[in-house]
Structures are given as C-alpha cells and as structure tokens.
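Take the structure below and walk through it one site at a time.

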Amino acid sequence: MVSKRRKDMALLAARAGRYREYAPTPALWRHFSRLWSHTLNDGPPARVAIVPDGYCDLLWIHGRLEVAGPDRTAAFPVIRPGATVIGARFAPGAAASWLKTPLSALVGLSVPLADIGRKGTSEFEARLQDCPDPEAAATLFGRLLEEAARDEEEPARDAAMIFAAADSDRPASGLPDRLGMSERQLRRRCYHHFGYGAKTLERIRRFQKFLDLCRRVDTMPLARIALEAGFADQAHMTREVAELSTLTPAIILDQLGGRKGSG
C-alpha cells in the first residue's frame with residue numbers, strides 16, 4: 001500500500017527537472033512578471049503537479065504557443081520526458097488585455113494561442129520552429145515578446161493593487177473601500193483579470209507563501225509554518241494545501257528540500 005501511494009504521488013513541478021526563471025527586460029517588465037524555462041527529467045513519465053499561483057502564462061510547448069489559464073487547483077499536464085517548456089508569466093492585469101479575453105474564460109484550461117485569435121501568432125510560432133536549440137529558443141522567445149509588447153496597452157493598475165492586497169496580510173473584505181469601488185465592481189474586475197474572486201486569489205497567494213516558507217526553512221515546525229503563512233492553524237493549512245495541491249504539507253516540505261525525511 002505504501003509503495004503504491006508513493007508511486008502515484010504527484011511530484012511538484014519544481015522537482016520534476018530543471019526550472020529557471022529570468023527577470024523580464026525593461027521592455028517587458030510591465031507586461032510580464034517572469035520569463036522561465038523548464039526542462040523535464042528524462043526517464044519514465046512522472047505525475048507532475050502544476051499548482052495554482054494566481055497567474056496566467058504564455059507557453060512555447062510541443063511546437064506551438066499555448067495559454068495556460070489561471071488554476072483553482074493543481075493541474076496535471078502530460079509532458080513528454082526530456083521536453084523543454086519556455087514560458088512568460090503575465091503580470092497582474094496584463095493577460096486579459098494582451099489576450100483580449102477575460103481570464104474567467106480560461107480558468108483551468110490550456111488553450112492554443114491561435115484559437116484565441118491573437119494577431120501574429122502564426123509568424124511567432126514559425127520563427128520559433130526554426131530555432132530547435134532550447135536556449136536559443138528562450139532568447140528568441142523573449143525578443144519576440146518585446147516586439148509584440150510595443151503595441152500593447154499598459155496593464156490595469158487596479159489589478160496590480162488587488163494582487164498586492166492578496167499578497168499582504170490585509171483582508172480582502174477591505175478592498176472595495178481601498179480601491180474606491182463597490183463589491184460588485186471588485187468581483188467583476190477580479191474575474192476579468194484573475195479568473196476568480198478576491199477571496200480565492202487571497203487563498204491561492206497564502207498557499208504560495210506556504211510554498212516559499214517550505215523552500216527556505218529547515219527546522220520550523222509545521223504548526224509555526226501555518227501561522228507564518230497566514231493560516232488559522234495547522235489543521236486549516238492541511239485542508240487548504242490538500243485541496244490546492246492533492247499533497248500534504250509534510251510531503252511538500254520534503255519535496256522542496258526544506259526538511260529531509262519528514263512525514
């Protein structure tokens with residue numbers, strides 16, 4: 001029973017190969033939070049969990065451009081071993097304008113960019129197809145995004161404020177007053193720019209704080225991690241982490257390297 005459970009257990013994407021992040025160039029920083037590449041390990045396919053983070057990403061994968069919409073819970077995409085995925089993480093408020101699509105239409109989905117109707121997609125893809133080396137493709141990917149960004153509007157400032165509030169310790173209940181909008185307007189803006197409401201975004205960003213703590217701590221008890229991340233208590237953290245990732249906090253702590261041999 002134990003061996004079967006370990007075999008079926010999801011592996012966080014950060015542990016499923018080599019993941020690297022890059023700061024966007026000045027031409028891109030208003031539109032993208034990070035550029036990144038992820039080369040999966042060779043060998044038998046693993047059950048890889050992509051956990052929610054409140055973002056939307058543009059990917060170069062399987063020879064085409066795809067949009068990975070925001071997730072409410074972990075996604076388990078099928079990616080061949082050894083493949084390299086190149087990505088750009090949209091800045092808060094940038095994706096809906098860039099894609100001309102409300103993110104509520106993309107929650108939990110991975111959609112070819114061509115299906116969304118983004119102008120210039122076929123040329124973008126053709127130029128990347130001629131660049132088989134992953135490192136060169138990542139460099140070209142960034143340059144092509146810079147070209148596309150020249151005609152893009154500035155991201156919505158209120159979306160950045162909503163995201164920052166979800167990342168802080170200030171409750172979402174106070175957002176309407178701080179932003180000068182009604183509850184209904186806030187809900188509409190959240191669904192447009194993030195795919196879900198402020199409470200869900202707040203919940204996901206708290207989960208991301210938990211992941212960040214797991215990467216940095218080595219001896220902190222799980223009960224203390226729960227409080228540091230903003231959960232009510234350890235039981236609350238265990239429920240939330242399981243719902244968002246399918247894993248327990250102890251397993252995630254093991255996978256992210258914060259503590260060896262726990263749980």
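Glu152 sits in the loop between H5 and helix H6 (157-167). Helices (H or I, at least four residues) and strands (E, at least two) are DSSP runs, numbered from the N terminus. This is a predicted model: local features need pLDDT of at least 70, side-chain atom pairs count only at pLDDT 80 or more, and totals for chains, interfaces and linings use all residues. Residues are numbered from 1 along each chain as its sequence is written, and side-chain values use heavy atoms, with hydrogens and water left out.

Is Glu152 buried or exposed? Glu152 is buried, with a relative accessible area of 15%. Buried means under 20% relative accessible area, exposed means over 50%, and partly exposed lies in between (1.4 Å probe, protein chains only). The side chain of Glu152 makes a polar contact of 2.7 Å with the side chain of Arg118. A polar contact is a pair of N or O atoms within 3.5 Å; within protein, one must be able to donate a hydrogen and the other to accept it, and residues adjacent in sequence count only if both atoms are side-chain atoms. Set aside neighbours within four places in sequence, and Glu152 is in contact with His31, Ser97, Trp98, Lys100 and Arg118. Contact here means heavy atoms within 4.5 Å.

Arg89 belongs to strand S7 (residues 84-90). Arg89 is buried, at a relative accessible area of 12%. Which side chain does Arg89 join in a polar contact of 3.0 Å? The partner is Tyr19.

Ala75 counts as partly exposed, at 25% relative accessibility. Beyond residues up to four places away in sequence, Ala75 touches Val48, Ala49 and Ile50. Ala75 and Ser110 are 35 residues apart along the chain, and their C-alpha atoms are separated by 9.9 Å.

Now turn to the backbone. Most residues other than glycine have a negative phi, and most peptide bonds are trans. His62 has a phi near 55°, a positive value in a residue other than glycine. His62 lies in the loop between strand S5 (57-61) and strand S6 (64-68). With a relative accessible area of 44%, His62 is partly exposed. Thr246 has a positive phi as well, near 75°, and is not glycine. Its loop runs between helix H11 (234-245) and helix H12 (249-255). Thr246 is partly exposed, at 44% relative accessibility.

Next come the helix pairs. Two packed helices are described by the angle between their axes and the distance between the axes. Axes are lines fitted to C-alpha atoms, for helices over the stretch in contact, and angles run from 0 to 180 degrees between N-to-C directions.

Helix H4 (residues 121-129) packs on helix H5 (residues 134-149) at an angle of about 155°, with the axes 10 Å apart. H4 is therefore roughly antiparallel to H5. Angles under 35 degrees count as roughly parallel, over 145 as roughly antiparallel, 65 to 115 as roughly perpendicular and the rest as oblique. From H4, the contact is made by Phe124, Arg127 and Leu128; from H5, by Ala137, Leu140, Phe141, Leu144, Leu145 and Glu147. By class, that contact of H4 with H5 has seven nonpolar, no polar and two charged residues. Ala, Val, Leu, Ile, Met, Phe, Trp, Tyr, Cys and Pro count as nonpolar, Asp, Glu, Lys and Arg as charged, and the others, Gly among them, as polar.

Helix H9 (residues 198-216) and helix H10 (residues 222-229) pack at about 135°, with their axes 9 Å apart. So H9 is oblique to H10. H9 contributes Arg206, Lys209, Phe210 and Leu213 to the contact, and H10 contributes Ile225, Glu228 and Ala229. These residues of H9 and H10 divide into four nonpolar, no polar and three charged.
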